Amino acid sequence: MHLYLHIPFCRQACHYCDFHFSTNISNKRAVVEAIASEIILRKDYLPKADIETIYFGGGTPSMLEEAELHLLLNTINKHFSIAGNAEISLEANPDDLEKEKLRQFYNAGINRLSIGIQSFHEPHLQFLNRVHSAYEGEHCVRTAQEIGINNISIDLIYAIPAPDHSILMQDMQKAFALDIAHISAYCLTIEPQTAFGSWLKKNKIKPIDEEYAAQQFEILVKTLADNGYEQYEISNFAREEHYSLHNSSYWKQRPYLGVGPSAHSYNGTSREYNVSNNARYVEAIQKQIIPATLETLSPADQTNEYLLTGLRTKWGVNKEKLEMLSGRSFFPAHQVDLEKLKEKNWIREDPENWYLTDMGKLFADRISSDLFID
Ligand code: SF4
């Protein structure tokens, strides 16, 4: 079983970000206490089994004080059974990761860090409105490694406007020099409810050049492969099987509980979405109400979600599972489409599964949606 905690605070808003967070931290303690209460309220949401992964996401979970982190972990320990080898990840921003803070995380049981580096190039960090410097990005990785946290993932953003691909190459070279086990690489996208989105509307910035983004993706995939990173999901690359077990559980459709404002939960047949508002979240939890919207997933929803996430991974989608989820309607309806995709060399199969080819990975979302059922 898998547990996600959403810590909805950030020091400043990155220009591209449309996650749920607030830069007003005046009620941080109340939100953390409400998350602890929600853990108790929801302790029976998942089937009784050991928790295999815990993921502190956000927002910026590295803004948690030591006492706040302990409150959350102690509450989880009290109401769930945590597997001895559980992956316990925390998303962190470099500016938070002083030695003492890293030691606190390590001593509390955090055994994997996902660090929001995004780039090691100062002008790119400023363009994105990241709060940290390039030096802090590099320094925090080295300090975490000194303390003993070696399971480190970094986020990189590609397709940031630049005259050529040299900065992307430098970013990757820096990651290799730092001996990073896992890299999540995301294409810069411009979402409407962000600073970039508003500037795009006012013609203050240009849209992302799709051709440039595709070139950067190809360079990224090739360079990472040449340096020992396996692309086990379209945006995720690991050395020596240092996969994110938590994120892999989403892609493999495993049930998970998400607590905190805006967190989602999934039990196999339905999803629940917590309210994306910190004050309303705290108010509801204080009244012992879980402020969540329930969405029951039809066989078509379940099949389509499986296609969308599963095809992006190296494990592909299992033919029997597709048949089972769709009520045995998938293959009769899609046999011709699958054959066409195979002829284009966008997908390949073995007796059990379908997978995207390297070329198919460039069109992953389009291929999935072409295979959706109603
Ligand atoms: S730190 Fe992360 S969550 Fe916060 S605004 Fe930046 S990208 Fe978004």
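This is a predicted model: local features need pLDDT of at least 70, side-chain atom pairs count only at pLDDT 80 or more; totals for chains, interfaces and linings use all residues.
Colleague: Which residues have the most contacts inside the largest nonpolar core?

Modeller: The largest nonpolar core has 86 residues. Helix H1 (residues 28-41) gives the most to this core, with 6 residues. Those with the most contacts inside the core are Leu5, Phe56, Leu72 and Ile154.

Colleague: Which residues is Ile154 in contact with, leaving aside its neighbours within four places in sequence?

Modeller: Ile154 is among the residues with the most contacts inside the largest nonpolar core. With neighbours within four places in sequence left aside, Ile154 is in contact with Ile115, Ile117, Phe120, Ala175, Ile180, His182, Ile183 and Ser184.

Colleague: How far apart are the end C-alpha atoms of helix H8 (residues 210-226), and what should its 17 residues span?

Modeller: At 1.5 Å a residue, the 17 residues of H8 should span 24 Å. The end C-alpha atoms agree with this expectation, as they are 24 Å apart.

Colleague: What arc around the axis do the buried residues of H8 cover?

Modeller: The buried residues of H8 are Tyr212, Ala213, Gln216, Phe217, Leu220, Thr223 and Leu224. An α-helix has 3.6 residues a turn, so residues three or four places apart point the same way.

Colleague: Which exposed residues does the face of H8 turned away from its buried side carry?

Modeller: What covers the buried residues of H8 includes strand E5 (152-158), helix H6 (166-177), strand E6 (182-187), strand E7 (230-233) and strand E8 (236-238). The face turned away from that buried side carries the exposed residues Glu210, Glu211, Lys222 and Asp226.

Colleague: Is Gln216 buried or exposed?

Modeller: Gln216 lies in helix H8. Its relative accessibility is 3%, and a residue under 20% is classed as buried. Gln216 therefore counts as buried.

Colleague: Which side chain makes a polar contact with the side chain of Gln216?

Modeller: Not counting residues up to four places away in sequence, Gln216 touches Tyr158, Ala159, Ile160, Asp164, His165 and Leu168. A polar contact, at 3.0 Å, joins the side chain of Gln216 to the side chain of His165.

How values were computed: Residues are numbered from 1 along each chain as its sequence is written. Side-chain values use heavy atoms; hydrogens and water are left out. A nonpolar core is a set of buried Ala, Val, Leu, Ile, Met, Phe, Trp, Tyr and Cys residues joined through side-chain atoms within 4.5 Å. Buried means under 20% relative accessible area, exposed over 50%, partly exposed in between (1.4 Å probe, protein chains only). Helices (H or I, at least four residues) and strands (E, at least two) are DSSP runs, numbered from the N terminus. Contact means heavy atoms within 4.5 Å. The expected span of a helix is 1.5 Å times one less than its number of residues. A polar contact is a pair of N or O atoms within 3.5 Å; within protein, one must be able to donate a hydrogen and the other to accept it, and residues adjacent in sequence count only if both atoms are side-chain atoms.
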